[in-house]
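Subject: Handing over the structure

Hi there,

Here is the structure I promised to pass on to you.

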Number of protein chains: 2
Amino acid sequence: MTPIITAYDRSPDGGKGLARDTRVRWALEEVGQEYDVKFVSMAGKTEPDHLRLSPFGRIPVYEDGDLVLFESGAIIHHIAEQHPGTLLPEDPAARARATMWMFAAVNTVEPPIHELGTVQIAEGDRSWATERTPLVHDRIRDVLGQLADTFGDSEWLEDTFTAGDLMMVSVLQRARPAGLLDEFPSLAAYAARAEARPAYERAFATQYAVNAR
Amino acid sequence: MTPIITAYDRSPDGGKGLARDTRVRWALEEVGQEYDVKFVSMAGKTEPDHLRLSPFGRIPVYEDGDLVLFESGAIIHHIAEQHPGTLLPEDPAARARATMWMFAAVNTVEPPIHELGTVQIAEGDRSWATERTPLVHDRIRDVLGQLADTFGDSEWLEDTFTAGDLMMVSVLQRARPAGLLDEFPSLAAYAARAEARPAYERAFATQYAVNAR
């Protein structure tokens, strides 16, 4: 059975690869798993047919027979578990640390980056938007600085490329448009290194063909 | 080997159980795993000895021999994997869905709740704090409403209590002080049901004995 993922028919980023289907496409490319895509519009995200599969009205959804998953982190973790030794090492301790970086990416590094969308878009017309933006930037700098300190001059977060790197880089990319990623050269190089992987290039190109205008 | 977790010597919540060591204590109690506790002060969180184990300067840390993990989600996932069939079902699809709820808790439900701390504490003295608070509340209501819609009148998120429930309830508790959890009676009852589990009661009592003033 070929799994199906749900993606935007037109991503709001116009093909920059920042929508969360890109990270799942990337994982599928890394493990060599073919997949189909079902498209949903921005408006369709809150319609009952979509909410039945994705209760928070988000993309991507992953369907494989009877199994339906939402949350990109969970989908990538599942894809990795289906292909042992690719995105999650077989050694239990190494696997636990790869999973740790997945959680660190979505629970520690992404939240302040996500706040950029709040301050610039959701609250972009509020009186405090201009004054609040540098506070949000500083919170992002705090976590990126801590990540850079622990990363040092490593190639990947652990000994080999794992789902933890895939998720961390997918999150770091979202700090790039504001110029914050480039303030940390070792992290910018880390992201570029991951983006040079053939699996990422294929995933990016596939979503770009759908979304570029 | 008895694992060691790191917790605050005095939690800033004074024993309400909202610091992230409580959820890890709860998981350890659910699987019946004894553990030791190493205490760190708020100031000690950013000292080199702690940052070596926990690069973002947070608690808890989990140490089991050579394995060192941070991020409560990753620690709980690892504890669950060490005790198959307790907090993560043995069936792969059911396990993937339990993991999905863990990610949904920390990546979708917790971020707007975490913003309460930003608007009330980190930015509590800013001119916009009063006007911004209801916006943050509404974002929390959005995700809690979506969760309540999909939850219906279930007992747990899936057929049995899993690490997904443990994490979701740990996150929902953080919306309680602002009165937001009680706006969703099915979710308030769900949290109360989880908190009545003997493992939760033991975890709560243990952290309370340390932190209550």
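Below is what was found in it, topic by topic.

This is a predicted model, in which local features need pLDDT of at least 70 and side-chain atom pairs count only at pLDDT 80 or more, while totals for chains, interfaces and linings use all residues. Residues are numbered from 1 along each chain as its sequence is written, chains are lettered from A and ligands numbered from 1 in the order in which they are written, and side-chain values use heavy atoms, with hydrogens and water left out.

**How the two copies are related**

Chain B can be superposed on chain A by a rotation of 180 degrees with 0.0 Å of shift along its axis, and the RMSD is 0.0 Å. The superposition is by least squares on the C-alpha atoms of residues with pLDDT of at least 70 in both copies. The two copies are thus related as by a two-fold rotation axis. Both copies use the same surface, since 100% of the contact residues of chain B recur in chain A; contact here means heavy atoms within 4.5 Å.

**The interface**

Chain B and chain A each bring residues to the contact: 43 residues from chain B and 43 residues from chain A. About 4,100 Å² is buried between them, and carbon and sulfur atoms give 62% of that area. Buried area is the accessible area (1.4 Å probe) that two parts lose on being put together, summed over both. Phe56(B), Phe103(B) and Trp128(B) supply 18% of what chain B buries against chain A, more than any other three residues.

There are also 14 residue pairs in polar contact across the interface, both residues at pLDDT 80 or more. A polar contact is a pair of N or O atoms within 3.5 Å; within protein, one must be able to donate a hydrogen and the other to accept it, and residues adjacent in sequence count only if both atoms are side-chain atoms. On the side of chain B that touches chain A, the elements giving two or more residues are strand E4 (67-70), helix H3 (72-82), helix H4 (92-122) and helix H5 (129-151) of chain B. Helices (H or I, at least four residues) and strands (E, at least two) are DSSP runs, numbered from the N terminus. H4(B) gives the largest share of that side, 18 residues.

**Salt bridges**

Over all chains the structure holds 36 salt bridges, and eight of these are counted between chain B and chain A. A salt bridge is a side-chain nitrogen of Lys or Arg within 4 Å of a carboxyl oxygen of Asp or Glu.

Arg139(A) sits in helix H5 (residues 129-151) of chain A, and Glu123(B) in the loop between H4 and H5 of chain B. Arg139(A) is partly exposed at 24% relative accessible area, whereas Glu123(B) is buried at 1%. Buried means under 20% relative accessible area, exposed over 50%, and partly exposed in between (1.4 Å probe, protein chains only). Arg132(B) and Glu115(A) also meet in a salt bridge (3.7 Å, N to O).

Within chain B, Glu110(B) pairs with Arg23(B) in a salt bridge whose closest N and O atoms are 3.3 Å apart. These partners lie 87 residues apart, Glu110(B) in helix H4 and Arg23(B) in helix H1 (residues 21-31) of chain B. Both Glu110(B) and Arg23(B) are buried. Salt bridges that share partners join Glu115(A), Glu123(A), Arg132(A), Arg139(A), Glu115(B), Glu123(B), Arg132(B) and Arg139(B) into one network.

**Backbone details to look at**

Most residues other than glycine have a negative phi, and most peptide bonds are trans. Glu71(A) has a positive phi of about 75 degrees although it is not a glycine. Glu71(A) lies in the loop between strand E4 (67-70) and helix H3 (72-82) of chain A, and is buried at 8% relative accessible area. In chain B, Glu71(B) likewise has a positive phi of about 75 degrees.

A cis peptide bond joins Ile59(A) and Pro60(A), with omega about 0 degrees. Pro60(A) is in the loop between helix H2 (48-51) and strand E3 (61-64) of chain A. Ile59(B) and Pro60(B) are joined by a cis peptide bond too.

Enjoy exploring it!
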